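Subject: Structure handover

Hi,

Here is the structure I promised to pass on. My notes follow below it.

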Amino acid sequence: MTLANWFPLALICLMGAMSPGPSLALILRNTLQGGRRQGMATALGHGAGVGLYALLTAMGLSLLLTRTPWLFELIRYAGALFLALLGLQALLPQKPKAEATSQHATSRRRGALEGLAVAFLNPQLAIFFLALFSQFVQQQTSWAQGGLLLLTAGGIDALWYLLVAGIFSHGRLLPWLTRHQRQLQRLSGLLLLAIALRVLWVG
């Protein structure tokens, strides 16, 4: 793949990452609940999920999903259920934060797994990558090309959400976010529930 072909691919991946949706809601929720480290762990997990989806799509998974409706529906409903659970967690009263380092490490691991799951349980990513990669990927995709697509899609996604987590946990914005943390958590919870319902209703 030449640089002239890679640049528009990277630009489209960036625009896709910047579009609002469940991923942004999750990054904001985890940044508010667990601070910058948990938000960044979620961003890295989400980027890994996007990169994995990009690799599998390039190697033919998206074609399987589009030709196997029951598998597409299974992943879609699983993703909607996961988003709804995250939304309910944000709406429920929160336990006091533990100060132990192991607790923080567990929180970061959970954030990374949640980011990975939100990305990988979104079958619309397969459709998006199918439409996108059809312009750049040849019929027989090598593992080297698949790796490049993984690094491009996953890396851009992770860097964007790392920036989002960094901005929302730093500087003058952080004290305001801390004061309004519970209200913002409820808002993100409602947003996640709304997105889950939309996933179920939109074919």
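Helix H4 gives the largest share of the lining of the second largest pocket, five residues. This is a predicted model: local features need pLDDT of at least 70, side-chain atom pairs count only at pLDDT 80 or more, and totals for chains, interfaces and linings use all residues. Residues are numbered from 1 along each chain as its sequence is written, and side-chain values use heavy atoms, with hydrogens and water left out.

The pocket. In all, 31 residues line the second largest pocket. Nearest its centre lie Ser-19, Pro-22, Ser-23, Asn-122 and Leu-125. The space in this pocket is about 600 Å³. A pocket here is an open set of points on a 1 Å grid over the protein atoms alone, where a 1.4 Å probe fits, with protein on both sides within 12 Å along at least five of seven lines; lining residues have an atom within 4 Å of a point. Grid points are joined across faces, edges and corners, and the volume is the space filled by probe spheres set on the points. Two or more lining residues come from each of H1 (3-18), H2 (22-58), H4 (69-91), H5 (101-120), H6 (124-133), H7 (143-168) and H9 (181-201). By type, the lining has 20 nonpolar, eight polar and three charged residues. Nonpolar covers Ala, Val, Leu, Ile, Met, Phe, Trp, Tyr, Cys and Pro; charged covers Asp, Glu, Lys and Arg; the others, Gly among them, are polar.

The fold. The chain has nine helices and zero strands. Both are DSSP runs numbered from the N terminus: helices are H or I with at least four residues, strands E with at least two. Of the 203 residues, 41% are buried. Buried means under 20% relative accessible area, exposed over 50%, and partly exposed in between, with a 1.4 Å probe and protein chains only. Among contacts (heavy atoms within 4.5 Å) with a separation of 6 or more, 88% join residues 24 or more positions apart.

Salt bridges. The whole structure holds two. The criterion is a side-chain nitrogen of Lys or Arg within 4 Å of a carboxyl oxygen of Asp or Glu. In one, Glu-114 pairs with Arg-29, the closest N and O atoms being 2.8 Å apart. Glu-114 is in H5 and Arg-29 in H2, so this bridge ties together parts 85 residues apart in sequence. Both Glu-114 and Arg-29 are buried. Glu-114 also bridges to Arg-110, with the closest N and O atoms 3.9 Å apart. That pair lies within H5, four residues apart, about one turn of the helix. Glu-114 has a relative accessible area of 7%, whereas Arg-110 is partly exposed at 40%.

The cores. The largest nonpolar core has 18 residues, and Phe-129 and Phe-133 touch the most other members. Such a core is a set of buried Ala, Val, Leu, Ile, Met, Phe, Trp, Tyr and Cys residues joined through side-chain atoms within 4.5 Å. H6 supplies the largest share of this core, five residues. Beyond four places in sequence, Phe-133 contacts Leu-9, Ala-54, Thr-57, Ala-58 and Leu-149. A second, separate core has nine residues, including Ala-25, Leu-26, Leu-83 and Ile-195.

One more residue. Thr-31 sits in H2. Thr-31 is buried, with a relative accessible area of 5%. Neighbours within four places aside, Thr-31 contacts Gly-39, Ala-165, Phe-168 and Ser-169.

Best wishes
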